[in-house]
Amino acid sequence: MREISYMEALREALQQAMEKDERVFLIGEDIGVYGGAFGVSAGLLEEFGPNRIIDTPISEAGIAGACVGAAVTGMRPVGEIMFSDFVVLAMSQIVMQGAKMRFMFGGKAQLPFVIRLPGGSGTGAAAQHSESLENWFVHVPGLKVVMPSSPYDAKGLLLAAIEENNPVMFFEHKLLYKTKGYVPEEMYTIPIGKSKVVREGKDLSVIATSVMVPRSIEAAKILSEEGIELEIIDPRTLKPLDEEPIIESVIKTGKALVVHEAVKTGGFGGEISAVIMESSAFAYLDAPVRRLAGLDMPIPYNRTLEYHAVPQVENIVEEARKLVKGVY
Amino acid sequence: MPKAKKKDQLISGEIEKSKAEDLLYKMVLTRTFEENAEEMFALGKVHGTGHLSIGQEAIAAGAGPALNRDDYLLNTHRGHGHFIVWGGDLNRMMAEFLGKETGYCRGRGGSMHIADVESNNLGAQGIVAGNLPISVGVGLSIKLRKTDQVLLALFGDGAANEGAFHESLNMAGIWNLPVIYLCENNQYAMSLAFSREFRIEQISDRARAYGIKGLTIDGMDVIAVHKAVREAAERARKGNGPTLIEAITYRYKGHSKSDRQLYRTREEVKQWMKKDPIKRFAKLLDVDDKTMKEMEKKAKEKIQEAVAFAEESPEPEISSIMEGIYA
C-alpha cells in the first residue's frame, strides 16, 4: 500500500482534477515557480503552464473575486489563500458575494469553486499566521466547510470539493502536511457531509477535527493501556454536518468530548455540543458534554506558550480520563 | 443586437438611426420605470428599497448596444436602465421589485440584486465595488475559454475608493483581461461630493497607475458613451486589455428612498437637469414633441402592464423559503 504525505495527497488531487477537467485552474500567491508557500502546488506549473496555475499579486480579495467570477461563468477555480488568516482580506468576496449569489439570484446561478486555506498553529508563526478560523464560515449559509485530518481524506475530499457545485472552504493544517498515510493512486472522492468513525471505543465519544484527530488517536493509545477505550469521530465536513454518527456514538458511550484547535468561545465545539443536546442522545448522557479547545487568545510566538495555547495529547488524555471517571 | 439595415443613416457616425430611436425609447422606458418605482415607494407599495438612475440614462443607452449578445454585464445597485437596455423583461423586473415569485430572482433579491445569468447579466450589486473583484474572474474565464467575449463592469465614483478597485484593475491590467470598466461618476458617493472624495480631478487618471487606457467622457451623451464603449470593446477583443472609462453624469434623485438630499442645492440639480440626456438625444435624433409624447405614452402603458403583472403575481410560497441556497 502506497504511503504519501498529506501535502502530496493534496497535490495529486489537484493534478488529477486538472488533468480530467480543463475548467479547473489554480489561482493564488506564489503557487507557480515557488510551488505555494507550503509546496502543495510544486511542479504543477511545469505540467499545466501559467494559464492554469495563476500567480497573483498580493491581492486576496482579487483571488476570491476571481474564483467567484470564473465559477459563475462556467469554470471550476481552486483558489489558495497562502495562510488561512489572510482570508480576512477576502471576506467580502467569499461571504457577501460567493456564498449568497446563488440565493440572491433565485437559485439560478452555480458557483463551483474551492478556497484552500492552510491554517493552525505550531510553527512559531505567531498570531497573524496561525489562526483556526473555520467556524466563521460554518456560520455562513451558502458555503460548505471541509477540514481533512489524514492524507487519504485530504485527497478524496479535495477531489469531491472540486466536483462540488457550491463554494467550498477547504481548511488544511500546516502541521499535517508532512504526515504520511495510505493514499490510492487512482482518483476517488469522499462525499462531502460524511463523518468518519476513526476509532471505535465504548467509554467516551471524542469528536475531533483536523490536527486534533491524530492527537486524539495518540491519547486513545495511552488511555487504552488504562482500560479506557475512546471512540473517535472526525466530522471531516463541518458544514453540512453529518450528525447521525455523532448522536449514535454518544448514545453508545453516554459521554462526549469535543476537541478542536480554534478558540473555545464561539467555536465549532459549541455547535457539536448543541447538536448532542438537541438530539435523542441527551437522555443517554451520563456527564456534561465537555469542550477542549484553544484558549481564548491570539496564538503566541514563544514555543512554550504556543504549545499551551491549544490542546495537546496530554490535555486530551487528562480531560478524557476525568470524563470517564465521573469527575464532572 | 439586430443587424442594422443598410439604408440606416448613422447618427454622429456611431449608431444607426433605427437603433437610436429604439434606444431613446429605452431611455424613456427606464425613466418611466423608475418614476413609477418612486411613486410606489411613496405609496408604500414596495417593502424594500431601490436606487434610481434618473438623469443617468445615457450611459445605459450608449453602453449596452456597443456590445454583443454573448458579452457579460456586471451591474450596480443603480442599474435598472442597464438591464432594460440589455434586454431585461419589464414584467419580471417589476415582479422582482415587488418581491414576487415571478421576478428574476423569485423575489429573493429585489431591485439591488436583479440578475439573469442566462442572458449573461451577472447581477446588480449591493456592495459598492463588490463586483470589481468578480470582474477579474469573469475576465479570466473568458481568456481561459478563449472566446472573444468582453465584460462590461459598471461601478460608481464611490466604488473607485474601495480597495477592491485597486486590486481588480491591477489584476485586469497585468493579465490583459477583456474588461471594460465603466465608472458612472454621478458626483456623489451617497452624500459625499466628488471634491470631498477625490484630490484628483478625473477618476480616469487612475488608469495610468494600472498601465491601462483611461478616458473621461460626457456621460449625458449617448453617442459619446457608445463610442467609448465600442472602442474599448474592440481593444479588448483584439487582446489589448481593459479600459477605464469615466462617464460624467448626475443623478436627479436621492441616493435611495430615505435620502433628504441635505448635501446639495436645488439650484445645482436644476443646472444639471438642463443637460438632460433624454431631451438631448431626442434633439439629436430630431424627434419632435408629438413623437416624444407618443413614446412616453407607450412607455407608461408598458410599465402599467408590468405593474399589473407584478401585482397579480403570486408571493413566494413560505414552504420554499430555503430553496436556492445550495446547488
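This is a predicted model: local features need pLDDT of at least 70, side-chain atom pairs count only at pLDDT 80 or more; totals for chains, interfaces and linings use all residues.
Local features need pLDDT of at least 70 and side-chain atom pairs count only at pLDDT 80 or more, while totals for chains, interfaces and linings use all residues. Residues are numbered from 1 along each chain as its sequence is written, with chains lettered from A and ligands numbered from 1 in the order in which they are written.

Chain A is divided into domain 1 (3-182) and domain 2 (196-324), the bounds coming from an automatic or database domain assignment. Their centres, taken over C-alpha atoms, are separated by 26 Å. Domain 1 of chain A gives 26 residues to the contact and domain 2 of chain A gives 25 residues; two residues are in contact if their C-beta atoms, placed from the backbone, lie within 7 Å. On the side of domain 1 that touches domain 2, the elements that give two or more residues are α6 (134-138), β6 (144-146), α7 (151-163) and β7 (168-173) of chain A. Helices (H or I, at least four residues) and strands (E, at least two) are DSSP runs, numbered from the N terminus.

Helix α12 (residues 313-324) of chain A has 12 residues and reaches 16 Å from its first C-alpha to its last, close to the 16 Å expected at 1.5 Å a residue; the expected span is 1.5 Å times one less than the number of residues. The buried residues of α12(A) (20 or more other C-beta atoms within 10 Å of their own, C-beta atoms being placed from the backbone) include A:Ile316, A:Glu319 and A:Leu323. The buried residues of α12(A) pack against β10 (204-208), α8 (212-224), β11 (230-234), β13 (256-263) and β14 (290-294) of chain A. A:Gly326, with a positive phi near 80 degrees, follows α12(A).

In chain B, five strands form an open sheet with parallel pairing in the order β3-β4-β5-β9-β8; two strands pair if DSSP finds at least two bridges between them. The edge strands are β3 (72-74) and β8 (213-218) of chain B. Six bridges join β8(B) to β9 (residues 243-248) of chain B, and B:Thr216 stands opposite B:Glu246 in β9(B).

The contact of the two chains takes 33 residues from chain B and 35 residues from chain A. On the side of chain B that touches chain A, α5 (131-145) and α6 (163-174) of chain B are the elements that give two or more residues. The largest share, nine residues, comes from α5(B).

Key
A residue is buried if 20 or more other C-beta atoms lie within 10 Å of its own, exposed if 12 or fewer, and partly exposed in between; C-beta atoms are placed from the backbone.
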